[in-house]
Amino acid sequence: MRERAAIHPGGDALGGTHARMDRPLADRERAVLMKVLDEATFDGAPELRAQVGATKVVRAEPTWLDLEVSEDAPAVAEMNGPIPVREFVKDESGEFVGELLVWTTDGRLSALEFAWVTDERPASLPAPDAIEVRRDQAE
């Protein structure tokens, strides 16, 4: 799993924690992953969907989750990096506010990132209905 350098041991001023945790996905986190993986069409999507139930959060910040998947879950051969789908996030008025990135390492879900473009950092991941999944492949 990819390691991230801590700015401040144990957390940061923006509400994140760099200490290792082991917790199940929260309802919203699970819903966001399932929204993307249910609407995405690419090789490996079914296996990644099957991994969601075996996924836990090992580090969390408001806009970033490090994930770990049970070894029992099916892996996708040769998949590393962001999934090849675009996931745009819009606010209530339809304005573009960022993009989601679902990361994989060794064929397993490894991170969920909300790459925001607003002046202020969001307090949480977006709601699933704020996400627009583009079925065309990311370049």
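Reader: Which residues have the most contacts inside the largest nonpolar core?

Author: This is a predicted model, in which local features need pLDDT of at least 70 and side-chain atom pairs count only at pLDDT 80 or more, while totals for chains, interfaces and linings use all residues. Residues are numbered from 1 along each chain as its sequence is written, and side-chain values use heavy atoms, with hydrogens and water left out. A nonpolar core is a set of buried Ala, Val, Leu, Ile, Met, Phe, Trp, Tyr and Cys residues joined through side-chain atoms within 4.5 Å, where buried means under 20% relative accessible area, exposed over 50% and partly exposed in between, with a 1.4 Å probe and protein chains only. The largest such core has 31 residues, and those with the most contacts inside it are F42, L48, L67, I83, L100 and L112.

Reader: Which element gives the most residues to this core?

Author: Helices (H or I, at least four residues) and strands (E, at least two) are DSSP runs numbered from the N terminus. Among the elements that give two or more residues to the core are helix 2 (45–51), strand 6 (96–105), strand 7 (108–116) and strand 8. The one that gives the most, with four residues, is helix 1.

Reader: Along strand 8, which side chains point to one face and are buried?

Author: Strand 8 covers residues 131–134, and its side chains alternate.

Reader: What is the bridge partner of E87 in strand 8?

Author: Two strands pair if DSSP finds at least two bridges between them. Strand 5 (residues 86–90) pairs with strand 8 in the antiparallel sense over four bridges. Within strand 8, the bridge partner of E87 is V133.

Reader: Why is the pair of F88 and F96 called edge-to-face?

Author: Rings of Phe, Tyr and Trp (its six-membered ring) pair if their centres lie within 6.5 Å, and planes under 30 degrees apart count as stacked, over 60 as edge-to-face and the rest as tilted. By this rule there is one aromatic pair. F88 is buried, with a relative accessible area of 12%, whereas F96 is partly exposed, at 39%. Their ring centres are 5.8 Å apart, and the pair is edge-to-face because the planes stand at 65°.

Reader: How many helices and strands does the protein chain have?

Author: Read along the sequence, the chain follows the pattern β-α-α-β-β-β-β-β-β-β. Its secondary structure therefore comes to two helices and eight strands.
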